[in-house]
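Hi there,

Here is the structure I promised to pass on to you. Have a look at it first, and then read on for what turned up in it.

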Amino acid sequence: MRKISKIAFVGIVFLAIMVAAPSMVGVAQSFLSNNNINENVENIQEENPDGNYIDQNKEVEEGAEETISEKESEESEEEFEEEINDKVEDNSEEFDSRKKVFLTFDDGPSSLTPEVLEILENNNVKATFFTIGKSVEQKPELVKQTYDEGHMVLPHTYSHKYSIYSSFESYYKDLELAEQAIEDVLDFKIPKILRFPGGSSNHSSFEYGGKQFMPQLTKDIKNKGYYYIDWNVLSGDASFDYDKKDKLISNVINGAKNKDFIVILFHDTARNTAMAEALPEIISELKNQEYAFRTFRDITEEELDKMVELKLANKPIIR
Ligand SMILES: [Zn+2]
């Protein structure tokens, strides 16, 4: 009996193990099924029912490692790109959102030019000079110095007579002479950027070419690929207040209020000593207000587009 019961016991245990084993595997599998790797294994097993699971798994693991390392490197590349983008964005934000000022001086060169250049140099800012061709011919060294010190020299007119607005022919002849005068000094082809005498919407042209002259001329010169530049801040240094330093300062500071992209009009003329005196304070205040000082020498496409948008360049004249 004992022997029989022993055999029976062993038999029962054996049977129990046989019965329990598959469900234990099931438990183990269900436990592992929370694991991604096991899911992969299962997927492989499903996809490759007759394959060598171990080898497949090994490949999968290696593959997974590759995938992970690829992913990691992709991620790090992405991060790197992101960093660069951030940097670019930061820079562009810093650059683009930064307030910009273009200091422009018309009607030079003059006996005041050396003083203006010295002030710009001392304050480490660059500017643009829309010059009179006749004076350029008379003071070539000063024009050369202006450019050599990092500023831009562009045409305003050759004669500064409003009779140039009598016909397209007389206007373009004047412009050509003005460009030639600068190019003779600087010895390179200057860009097609200019400032009209009196600005693009001047009334001085009325008595020569008529009321429709500037609307027609501006259209034509734009088609020729030129940018004509106006301003949105007046210093007032060509007005009756030209000799009142404090008035010139307040004109500029008030004019710049709530504007983050400004082109300021100054005049580089012999009588404008008050403007020269005002200049350091104006520059200092604009620096305090975090304006970046820009010129037409290194102006970007983006800045030119912005100028057109703000009607500081190529303003359509409709009358
Ligand atoms: Zn002028």
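To get you started: where does Pro109 lie? Please keep in mind that this is a predicted model. Pro109 sits in the loop that runs between strand E1 (99-106) and H4.

H4 covers residues 113-122, and its axis comes within 10 Å of the axis of helix H10 (residues 273-288). The two axes cross at roughly 10 degrees. Angles under 35 degrees count as roughly parallel, so that is how H4 and H10 run relative to each other. On the H4 side, the residues that meet H10 are Glu115, Val116 and Ile119, and their partners in H10 are Ala276, Leu279 and Pro280. Sorted by class, this contact has 5 nonpolar residues, 1 charged residue and no polar ones.

Two backbone angles are also worth a look. Asp187 has a phi near 65 degrees, a positive value in a residue other than glycine. You will find Asp187 in the loop between helix H7 (168-186) and strand E4 (193-194). Asp187 is exposed, because 9 other C-beta atoms lie within 10 Å.

The other one is Lys311, which is not a glycine either but has a positive phi of about 60 degrees. Lys311 belongs to the segment after helix H11 (301-309). With 13 C-beta neighbours inside 10 Å, Lys311 counts as partly exposed.

Conventions. Residues numbered from 1 in each chain as written. Predicted model: local features only at pLDDT ≥ 70, side-chain atom pairs only at ≥ 80, totals over all residues. Axes fitted to C-alpha atoms, helices over the stretch in contact; angles between N-to-C directions. Helix = DSSP H or I, 4+ residues; strand = E, 2+ residues; numbered from the N terminus. Parallel < 35°, antiparallel > 145°, perpendicular 65-115°, else oblique. Contact = placed C-beta atoms within 7 Å. Nonpolar A, V, L, I, M, F, W, Y, C, P; charged D, E, K, R; others polar. Buried ≥ 20, exposed ≤ 12 C-beta atoms within 10 Å, placed from the backbone.
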